[in-house]
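Please have the viewer open as you read.

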Amino acid sequence: MGAPEFVPLTDRFDPGVAPEEAARRFHDELRRRRTVRHFSDRAVSRETVEWLVRCATTAPSGANKQPWRFVCVQDREVKRAIRVAAEKEEREFYAHRASPEWLADLEPLGTDPNKEFLEVAPWLVVIFKLVRADDGSNHYYVSESVGLAAGLFLAAAHHAGLATLTHTPSPMGFLAEVLGRPAHEKPFLLVPLGHPADDCVVPKAALVRKPLDETMIIR
Ligand code: IYR
């Protein structure tokens with residue numbers, strides 16, 4: 001191995017305002033993101049999805065291994081197959097797997113085993129984590145890395161005026177099967193992406209954020 005090479009830090013992003021103001025404006029944008037379960041079937045271009053994936057993959061990752069794959073599904077039949085398999089797991093979840101406490105915690109969100117959005121949303125973005133590289137070599141901090149990329153994906157979609165849902169049918173193994181992914185790719189998150197339906201509603205309970213003094217400690 002040769003000595004590591006370094007280049008000057010150039011092309012820095014300048015918000016053009018003080019950090020306080022830039023952060024406040026960004027918060028004003030982010031705070032209006034809502035997880036949406038009622039999608040319109042209005043199309044979203046492939047180019048849009050490509051830019052969103054590029055945004056997501058600016059995330060830092062363990063040793064810059066970029067241990068992720070974004071499988072972006074627009075094919076009707078594939079979306080249908082995902083819905084059928086997801087609803088099978090969800091019926092089990094709601095009827096047997098979920099504890100009474102879990103079901104009670106979900107009640108304010110009004111969720112149930114019906115996952116119509118999996119067919120209505122124009123795109124289902126299935127984020128896989130790569131537990132090893134395609135050539136079998138190591139990856140590091142895989143969940144942290146993919147979690148960061150997933151967060152950026154949600155923020156980027158919101159910035160583009162689009163809605164997302166972080167859907168985690170459990171177990172998610174069926175996604176690898178339906179999408180024909182190899183064994184070293186593990187489903188991480190299923191993200192329906194699109195425009196909200198015109199009559200979209202969101203649960204009131206999900207609007208509440210814990211106050212800063214509960215989430216932030218300064219030492
Ligand atoms: N996966 C189920 C249940 C569910 C679980 C959690 I934690 C949520 O925040 C929301 C739903 C479903 O999608 O209905």
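The model is predicted, so local features need pLDDT of at least 70 and side-chain atom pairs count only at pLDDT 80 or more, while totals for chains, interfaces and linings use all residues. Residues are numbered from 1 along each chain as its sequence is written, and side-chain values use heavy atoms, with hydrogens and water left out.

**The ligand site**

Let us start with the ligand. Its shell (residues with a heavy atom within 4 Å of it) consists of Arg37, Glu90, Phe93, Tyr94, Trp102, Leu106, Thr111, Asp112, Lys115, His167 and Thr168. By class, these are four nonpolar, three polar and four charged residues, where Ala, Val, Leu, Ile, Met, Phe, Trp, Tyr, Cys and Pro count as nonpolar, Asp, Glu, Lys and Arg as charged, and the others, Gly among them, as polar. Helices H3 (76-97) and H4 (100-106) each supply at least two shell residues, and H3 gives the largest share, three. Helices here are DSSP runs of H or I with at least four residues, and strands are runs of E with at least two, numbered from the N terminus.

Among the polar contacts (N or O atoms within 3.5 Å), an oxygen atom of the ligand is 2.5 Å from a side-chain N or O atom of tyrosine 94. Another entry pairs an oxygen atom of the ligand with a side-chain N or O atom of histidine 167 at 3.3 Å. A nitrogen atom of the ligand is 3.5 Å from a polar backbone atom of threonine 168. The protein covers 72% of the 370 Å² of accessible area that the ligand has on its own (Shrake-Rupley method, 1.4 Å probe).

**Salt bridges**

How many salt bridges does the structure hold? There are 12, each with a side-chain nitrogen of Lys or Arg within 4 Å of a carboxyl oxygen of Asp or Glu. Three of them are shown here:

| Pair | N to O distance |
|---|---|
| Arginine 46 and glutamate 50 | 2.8 Å |
| Arginine 69 and glutamate 185 | 2.8 Å |
| Arginine 97 and glutamate 89 | 2.8 Å |

Salt bridges that share partners join Arg69, Asp134, Arg181 and Glu185 into one network. Glutamate 185 is buried at 2% relative accessibility, whereas arginine 46 is exposed at 57% (buried is under 20%, exposed over 50%, partly exposed in between; 1.4 Å probe, protein chains only).

With a disulfide taken as two cysteine sulfur atoms within 2.5 Å, the count is zero. For cysteine 72, the nearest cysteine sulfur, that of cysteine 55, is 13 Å away. Finally, phenylalanine 128 in strand S2 (residues 123-130) is buried, with a relative accessible area of 0%.

How values were computed. A polar contact is a pair of N or O atoms within 3.5 Å; within protein, one must be able to donate a hydrogen and the other to accept it, and residues adjacent in sequence count only if both atoms are side-chain atoms.
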